[in-house]
Amino acid sequence: MQNRIKLIFISLLLFFCFLILFEALKKSNIYVPDKVLKKSLPKFKSQDLDLKKEISSDELFVDSEFYLLNIWASWCLPCRKEHSILMELSRNPKIKLIGLNYKDKFTNAKKFIDKFGNPYSDNMIDTDGTISIELGAYGIPETFIINKNKKIIKKYIGPLDQNSLNEINIILK
Amino acid sequence: MLATQIGYYSLIFGLIAGLLIILLSIKNYNNREIFINPKILPISFLQFFFVSISFIGLILSFINSDFSNETVYNNSHTTKPLFYKISGTWGNHEGSLLLWLLVLTLFIFLFLVTSSNQPKRYRILTLVFQQIIIIGFFLFVLITSNPFSNLFPIPQEGLGLNPILQDPALAIHPPILYIGYVGSSIIFASSLAAVVENYISKNWARHIKKWILISWVFLTIGIMLGSIWAYYELGWGGFWFWDPVENVSLMPWLCLTALLHCIIVLEKNLSLASWVVILSIASFTLSMSGTFLVRSGILNSVHTFANDPERGMFILIFLFILIFIALFIFFTFFKDNNLKKIKINWISKEASILVNNWFLMYFLAVILIGTVYPIFLEVITDEKISIGPPFFNKLIIPFLIFFLIFMAIVPSLNWIKSYLRIRITNIIFLILSIFLSYIVLDRTSSETLILTILLCASLYLFFITIREFFNKRFKNISQIVSHFGFSLLILSILLNSIFSKEMITNLKVGEKFNLKENIITFEKIENNKSKNYDSVIGYFKIQDKNQEIIYLKPEIRIYNEPTTITSEADIKTTLYTDKFLVMNFVKGKEYFNVRYQLKPYMIWIWISTIFIALGGFISFFKKEYAK
């Protein structure tokens, strides 16, 4: 009898795990752009990674047609994967790349940039993650495409890949 | 073209062979013959043969750069060196699954050959369970990830292999790791069969221990190779990132380690039987879950080859079917009461192995939660989080301290009933370790206090295992070697993390830089052309305080297919320290960014892992316990 109760209990637990993983599988399609678009970019202030002084978002988002805001961290492996895409984008003069370094150690962030190259024209520090929360980020990496009116026109959750690069290039044309 | 066709049809023949074996086995199970049907062995060999043919077919397609094959087109390129063309075969999703199948079929054939002295019904049932797994994988390969799909029109050129995967350690990492994973499938099938046949006995324990040792040794080495790759190719001197995929390889390892200890108890005096069965089921389940988490794209990691929910769905359903079969069998057939009960004293080897299990299960639980919690949270609350190294370090380090001390004390206990003896040498060693770790603490900042306590514990274990080695000579040598390796591993990781030094600066050609007593001179740069990349090589002269001079030549490689810039660090390894130098372009500037690191005792991390595996290896060849 006791065995049967155990069996039922474990089966229920496993069934629950199964359901969750089943749902999670469907969810993995969120890596396509989200629908929360055309929101305007919240204002924020933060330290700059290179200049080490306080900078506000109004000073950053000037004189470019499009901006790309990328939330990253050195400890985040997918960020490493999308880095080559960002490097490629940084060669395009129509878009300005701004990095937001999320909950990271200063030295590690520096190392990351030194090792893989710096695609960003500016890099902000988000030590406690509050700016990312204000932006409505789910996790990292996450990328926002912003137009010159400071409206978020596209959002990518998860690492950028070749498809997202093509999409961005279409927007820039 | 031809190789692709042959490969595809061989797979189908392999699947048919699997079905045939199950049919024959069911017939054979209930008849009165004493021996297993003589047809089964050749068919099992044929199945292995068919899978090898298809695997060789895929390798040939890679070598000939046959781009009519979609897998080759996606992962290869004509300019790639031959070595990486071959290793590219299993460097992708489809090919690596084919490798799984290859090892699965090889292992069941070997199992049949080596188990002829075991009862017939037990062998047949093991074979049936294993064939269920094999057929599942055949279907998975054929339905969702066929390595032999055709492309038309035939492309001129392939997409190329990701340069960071072009590394010798990574070329052999998957096969070795898979032998470990797949070995656990034999353990799974065999323990289920033993439960059904009520054959959990000393005899069974002795026989299955060999398989546990094989998969444990290979899993250990496989994990080490992955970590070596991360150190040379990915990292800035790091070798373990608590990446989900690293975690899923560590979980079956912890399970197998616990199983390895339990099976010794079972072999000696028939206790802990339920632990053995549950751990056998868990090791394989965890290996399969690892495959699921990696292949489905649920987790994001360097190992994720493709985000394909269909594949994920298949493995998920298959995995849970296996788990439910296993649970059902365990709860209906498992009988503990016919094993003789021995009262276990609290101070005895059995009890200490039980405590060891609980420690390992705790580590396992921490890692499991750290890995899957983000998935559960996301589904339930729609919130996405990443769990990083601090979580694992905080939860694991305090327990590791007790675990190490425990490891130093208990292996000298006897079976069934024993006493704790306090010896003079133990106290001397304890004082010595405290003294040594105090010196380390003194030379560094007090931030590392908890690390120093850990250091003290691992030093203590280190001394004790050395003493045991000289006291007991060759009695129990496998255990001593492994435990010694473990203490050395923790020691070298700690000393490495405490004493690492580094410097980051921008240097022009001809400039000098001082780090402590080292002088680093950037002498010149040189441009080179290779088959599939161009490179810029920097020449650095490093002079240390003893006036010894070494030269380091880091490279920046610009791969053409796909266009990627990678920095190849140059690393000079000695027994004491690794000197690690890497340089990078700085956008639009004439100077280079240079990073120089001193990583003490790096090589000992690999050496100690080899010691751990060596213990298992010795145990495999050791003569069986005298009856």
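The model is predicted: local features need pLDDT of at least 70, side-chain atom pairs count only at pLDDT 80 or more, and totals for chains, interfaces and linings use all residues. Residues are numbered from 1 along each chain as its sequence is written, while chains are lettered from A and ligands numbered from 1 in the order in which they are written.

*Sheet in chain B.* I noted that strand 9 (residues 577–585) and strand 10 (residues 592–600) of chain B run antiparallel and are joined by 9 bridges. Strands here are DSSP runs of E with at least two residues, and helices are runs of H or I with at least four, numbered from the N terminus. Two strands pair if DSSP finds at least two bridges between them. I then traced an open sheet of 4 strands in chain B, in the order 1-10-9-8, with antiparallel pairing. Its edge strands, each pairing on one side only, are strand 1 (501–507) and strand 8 (570–573) of chain B.

*B:Ser567.* I located B:Ser567 in strand 7 (residues 564–568) of chain B. B:Ser567 is partly exposed, because 19 other C-beta atoms lie within 10 Å; buried requires 20 or more, exposed 12 or fewer, and partly exposed lies in between, with C-beta atoms placed from the backbone. Not counting residues up to four places away in sequence, B:Ser567 touches residues including A:Lys115 and B:Pro554; contact requires C-beta atoms, placed from the backbone, within 7 Å. I also checked B:Phe331, which is 236 residues from B:Ser567 in sequence and 55 Å away in space, C-alpha to C-alpha.

*A:Ile125.* I found A:Ile125 in strand 6 (residues 122–126) of chain A. A:Ile125 is buried because 20 other C-beta atoms lie within 10 Å. Leaving aside neighbours within four places in sequence, its contacts are A:Ser46, A:Gln47, A:Leu49 and A:Asn101.

*Helix 2 of chain B.* I recorded 24 residues (40–63) and a reach of 35 Å from first C-alpha to last, close to the 34 Å expected at 1.5 Å a residue; the expected span is 1.5 Å times one less than the number of residues. Its buried residues, among them B:Phe48 and B:Phe55, pack against helix 1 (2–30), helix 3 (70–75), helix 4 (82–87) and helix 5 (93–114) of chain B. B:Ser65, which follows helix 2 of chain B, has a positive phi near 50°.

Technical notes
Contact = placed C-beta atoms within 7 Å.
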